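Trainee: Could you take me slowly through one part of this structure, the sheet and what packs around it, and explain each term as you use it?

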Amino acid sequence: MSKGKILVIDDEDIVRTSCSRTLSPEGYEVKLVKSGFDGFKLLEEEQFDIVLTDLKMPEIDGIEILRRIKEKWPEVEVIIITGYQTVDTAVKSIKLGAFDYLEKPFTPDGLISSVTKAMDHKKTD
Amino acid sequence: MRVEKSLHSLTGKLLLTIGTLMLVGSTLFWYFLLKHQEKELLENSVKYAYSFVDYVKKSTRYGMMTANKLLIQQTIEAIGSSEGIRNVRIVECTGRIDYSSNPADVGKTLDKNRPPCSGCHGPAGKTRDSAIVSFSKDSDDMRVLKIIHPIYNEKPCYTAACHFHTEDKKMLGIIEAEVSLAHLDMSIKNQGIAITIYILIFLFVISVALCTILWNLVSTPVSLLKQGMERVAGGDLDYTLTINTRDEMGDLANAFNAMTADLKKAKNELLEWGNTLEKKVDDKTRTIQMAQAQLIHSEKLASLGRMAAGVAHEINSPLTGIVTFGHLLLKRFPPGSQEREDVEVIIEQANRCSNIIKGLLGFARASAAEKAPVNINDVLDRSLNIVRNKADFFNIKLVTEFDDSLRRVKADASQLQQVFLNMIMNAADAVEGKGTISIITKNVIEDNTEFVEIEFRDTGTGISEENIEKIFEPFFTTKPVGKGTGLGLAVSHGIVLDHGGKLLVKSKPGEGTSFFVKFPADKEKP
């Protein structure tokens, strides 16, 4: 029995791999996709606890993904991963209901800590 | 040469013109006056001649009536001896001289075809019966007036007892008289000389008066004016003309003085302009250079910020991989093993890369500030709380002198904190872990504008003069490789400028450094 189901959306292969290599040993079931389209498709089919999404991507960006998830699957917690942080995007993300905001390069401990908090938050709701 | 010059002068020309006109006028006057006088005198002489002949006629009348030839001859001789009378004769119609002041002529017969008879007796035997007056010249070249007067046959003549004349004759003879005009000529000549002398005296007096008047009214002012112009042309603009007349010359002098004054004013303005021009150009050039430098600087920072944003996005993903896999690898090696230490180096260096990227991102963020009135003292307190517990600050004495009445500043508090932290960290580096860092806040007024000033003073090694110019440049650092990115001050500077503030530095090598951050005070008082 896994601790939870996590969907990672990032156009960078190395970031996706890093997430799965960090979170899988911790007992999470991790699914990896490289675009918002693929992510939405998977979200239609399966139920996830947490979505980790990159902010800046071609076609659909992280803010748009966050907005749609919060519309359709409000129970799913979203953690934004970003290559560079600005006050604007951080404020916007939190306002739209993102649980956390992770700056690249994050450490495995930082990622695990953020995901654990998100799971705890989800459980208490 | 001098005479020629005088003739070409204004006075010379005027004198010559007026002199010539006066000379011509005087000559004409002189000529017509003399002619008129001569005519008058001659007319008088003729009248005198008529009355003289009448006088001869009346004097001899008694002799004629009594046919006393001797009495007539004596009377004629007596009359003829009068002064100015050259000759008096009574001639019969036949041409015989009956009586004459010159007794030798009596009895002679004159030719009818020669003067004086030819005057009345024309070639056709025709005679005239009126008096004839003529002028001739004598042997002394003196004029002589000759009058021939007819003697008519009157009733007493042909009714006298002597019966000498019969009634049928119309004319009995003529009286011929010659009067000398020597006196008259002399008088005319003397009058001519007198008039000439008067005219010459008049001309002389007029000339002297004209010369004096022209000299004073024209020549002197003109030469003064010429002298003045030469002086002004020579550069003496203080020269003023003193011609105190109310005529055109006075006006000209006043105009000249006004012109000189204007010239002087214009020259002074030009000189002053020329003197200050260089300074003005220098000032302007410096301002432009400074503005240009600032523009280049901010453009440099902006493009660096844009580049940093792009680089950050691209680099941070691979760095995530390096950090994550480094940590994964770390767990496989036992603590203290060489492999574990090597992997730690990899992770550490990846983090360093990340820090450099974050520093670069400061440029991109500087423009996205949310400004609100902020109490600087509070922001400083928060910043100090962050550093106070850090190991680096254990041996550093932090002294604060905060002004409680400090004005608020419209600013982004988080950006201000970034700046203050950077200042404090730099000061800590400067004192090398041991010393005093003082933070002083106060209100100041510069250029009529209220500023809030924050001073970060350290007791460190100071900054050398060659470095002090470069400290605000991105990537300039004196810290050892790996310790500083050289972006902290550059980013701080950018943030301070973005808030309309100033970042200044004063340093004495060996004694320490003071950084002054100044922000314009918020206009709305708390």
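Mentor: What follows is a walk from the sheet to the helices on it and then to the core.

This is a predicted model, in which local features need pLDDT of at least 70 and side-chain atom pairs count only at pLDDT 80 or more, while totals for chains, interfaces and linings use all residues. Residues are numbered from 1 along each chain as its sequence is written, and chains are lettered from A and ligands numbered from 1 in the order in which they are written.

The sheet in chain B is an open one of five strands, in the order 7-9-10-12-11, and its pairing is mixed. Helices (H or I, at least four residues) and strands (E, at least two) are DSSP runs, numbered from the N terminus, and two strands pair if DSSP finds at least two bridges between them. Strand 7 (396-401) and strand 11 (502-508) of chain B are the edge strands, each pairing on one side only. On average, neighbouring strands of this sheet are turned by 20 degrees against each other, direction ignored; the axes behind such angles are lines fitted to C-alpha atoms, for helices over the stretch in contact, and angles run from 0 to 180 degrees between N-to-C directions.

Within the sheet, strand 9 (residues 435-446) and strand 10 (residues 449-458) of chain B are joined by 10 bridges in the antiparallel sense. In strand 10 of chain B, B:F456 is the bridge partner of B:I439.

Helix 9 of chain B lies across strand 7, strand 9, strand 10 and strand 12 (512-520) of chain B, and it runs at about 30 degrees to strand 10 of chain B.

Now return to B:F456. Leaving aside neighbours within four places in sequence, B:F456 is in contact (C-beta atoms, placed from the backbone, within 7 Å) with residues including B:M423, B:I424, B:A427 and B:F515. In the largest nonpolar core, which has 45 residues, B:F456 is one of the three that touch the most other members, together with B:I376 and B:V452. Such a core is a set of buried Ala, Val, Leu, Ile, Met, Phe, Trp, Tyr and Cys residues joined through C-beta atoms within 7 Å, and buried means that 20 or more other C-beta atoms lie within 10 Å of a residue's own. Helix 9 (residues 413-430) of chain B gives the most to this core, eight residues.

Terms used: A residue is buried if 20 or more other C-beta atoms lie within 10 Å of its own, exposed if 12 or fewer, and partly exposed in between; C-beta atoms are placed from the backbone. Two residues are in contact if their C-beta atoms, placed from the backbone, lie within 7 Å.
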